[in-house]
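Hi there,

Here is the structure I promised to pass on. Have a look at it first, and then read on for my notes.

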Amino acid sequence: MNLSKGLKMHRIRVKALFDGAEQGQPVKVAGWVKSKRVSKKFAFLVINDGSCQTDLQVIVDSDKECFAKLESIGTGSSVSMFGELRKSPGKGQAWELHASDLEVLGESSSDYPLQKKGHSLEFLREIGHLRGRTNTFGAVYRVRNRLSFLVHQFFQGRGFLWAHTPILTASDCEGAGELFKVTTLDLANPPRNDEGGVDFSNDFFGKPTHLTVSGQLNAESMALSLGDVYTFGPTFRAENSNTTRHLSEFWMIEPEMAFANLRDDMLLAEEFLRYLFANIVNDCGDELEFLGKMYPDCDPQGIENMGSKNFARVSYTDAIKELSAVSSKFEFEPAWGVDLQTEHEKYLTEQVFSGPVIVTDYPKDIKAFYMKSNPDGKTVAAMDVLVPRIGEIIGGSQREDCYDALLDRVNGLDLPVEDLRWYLDLRSYGGCPHAGFGLGFERLVQYVTGMVNIRDVIPFPRAPKVIPF
């Protein structure tokens with residue numbers, strides 16, 4: 001094969017190349033240069049195309065016509081190469097490419113910020129448009145991609161339908177009031193009503209509109225038509241929090257099941273997590289092995305064990321008893337009627353149960369309006385799934401299916417009845433027991449990859465005063 005014909009052949013991704021490598025195989029690859037070393041007789045290039053954790057070493061002999069092109073190649077340059085694949089005598093690599101021709105697709109200037117040295121995660125957040133080329137973020141993003149696939153595979157394999165719920169909403173699902181407003185009004189001179197407030201009747205939708213914090217209410221509507229559904233999409237919360245656990249834009253997974261109760265909800269949540277944990281270690285072994293060496297919170301073996309471990313169960317009331325017995329260990333004293341803090345959740349999973357635990361039957365006053373009241377009148381049929389190191393990773397409940405009980409709850413919390421009329425209607429027109437849960441996808445990726453800061457598991461994080469890209 002002549003050189004010009006070689007560079008015209010179809011390129012192969014590096015991962016596919018390694019998966020089906022054969023001695024002497026002619027191949028064309030393309031990628032970004034991570035390092036270059038040139039001597040009189042030959043040059044070494046290390047490239048990666050983003051398809052896998054392993055880099056490809058390329059050798060260019062000085063007698064090749066393309067050797068002269070190496071002068072214009074710097075770290076970060078994009079290149080296309082044709083050559084012969086050979087078994088590598090070097091340590092840490094099974095194959096290497098002996099290039100007979102190459103083409104520089106895009107040169108990289110000398111101030112390219114990703115040089116062959118360690119970079120802090122803080123610095124890499126400042127160059128979010130490039131950090132995917134590093135070993136760490138290449139691994140994180142591939143794990144994120146595979147987890148996304150597994151989410152769909154799990155639910156689709158069980159007959160759930162993917163529900164595309166709206167991002168724009170006129171309701172506050174959680175009743176938290178931490179919503180981003182969406183408007184087309186002139187902010188410098190908005191129309192006013194008789195009371196002096198903003199007259200939203202002149203706005204695009206004719207009423208106050210927000211970015212949604214959850215697709216749950218709409219998913220319930222679809223579940224009560226289609227049976228079992230799930231959402232997987234972006235959600236938003238205008239919470240002024242700069243912790244390592246919070247984002248302003250994040251992705252949520254929210255299954256809803258018709259003809260289901262709290263027990264069904266717990267079984268689905270446990271099966272779901274165990275499926276993800278068992279499969280991700282197998283599917284992204286190289287990535288998790290790398291992250292496990294670099295970051296102490298990444299524990300591939302622990303994740304794999306979680307895939308086969310039964311989750312413990314405890315009521316909120318009994319959990320408070322456990323925590324109260326050792327209350328001196330905590331910054332925040334545990335008390336019935338107060339939500340569990342992260343330190344409490346970590347103690348339960350790491351010290352009491354030594355693994356995941358599902359906490360059930362929370363006080364109704366600390367839970368959302370749509371959760372079904374228990375017969376005791378004080379608690380609701382709610383459940384949170386807690387895992388070591390992270391704490392809560394799933395929150396769910398059986399939904400209130402009694403019209404009168406739900407209306408009383410809405411009125412008691414002074415929520416806008418008219419905005420929720422359609423939601424109440426679901427209880428009037430063939431309502432049934434139904435249940436569901438929500439999982440913050442970034443929290444899941446954070447747990448699997450061991451990244452301490454949640455801003456490092458989404459390509460372009462949005463947080464208070466943080467929206468650079």
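A definition to begin with: two strands count as paired if DSSP finds at least two bridges between them. Please keep in mind that this is a predicted model.

By that rule, β7, β9 and β8 make an open sheet of three strands in the order β7-β9-β8, and the pairing is antiparallel. β7 (168-169) and β8 (181-182) are the edge strands, each pairing on one side only. Two bridges link β7 with β9 (residues 209-211), and Leu-168 has Leu-211 of β9 as its bridge partner.

Next, strand β14 (residues 382-387). Six of its six residues are buried, so the strand is largely enclosed by the rest of the structure. Ala-382, Asp-384 and Leu-386 point one way from β14, while Met-383, Val-385 and Val-387 point the other way. β14 runs antiparallel to β13 (residues 357-360), joined by four bridges, with Thr-360 opposite Met-383. Six bridges join β14 to β15 (residues 391-398), again antiparallel, and here Val-385 faces Ile-394. The hairpin of β14 and β15 has three residues between the strands, and Arg-389 takes a positive phi near 75° there.

Finally, a helix pair. α6 (residues 262-283) packs against α13 (residues 441-449) at an angle of about 45°, with the axes 12 Å apart. That angle makes α6 oblique to α13, and the crossing is right-handed. Leu-273, Leu-276, Phe-277 and Ile-280 of α6 meet Leu-444, Tyr-447 and Val-448 of α13. By class, this contact has seven nonpolar residues, no polar and no charged ones.

Best wishes

Notes: Residues numbered from 1 in each chain as written. Predicted model: local features only at pLDDT ≥ 70, side-chain atom pairs only at ≥ 80, totals over all residues. Heavy atoms only, no water. Axes fitted to C-alpha atoms, helices over the stretch in contact; angles between N-to-C directions. Parallel < 35°, antiparallel > 145°, perpendicular 65-115°, else oblique. Left-handed = near helix turned anticlockwise from the far one by under 90°. Contact = heavy atoms within 4.5 Å. Nonpolar A, V, L, I, M, F, W, Y, C, P; charged D, E, K, R; others polar. Buried < 20%, exposed > 50% of the residue type's maximum accessible area, 1.4 Å probe, protein only.
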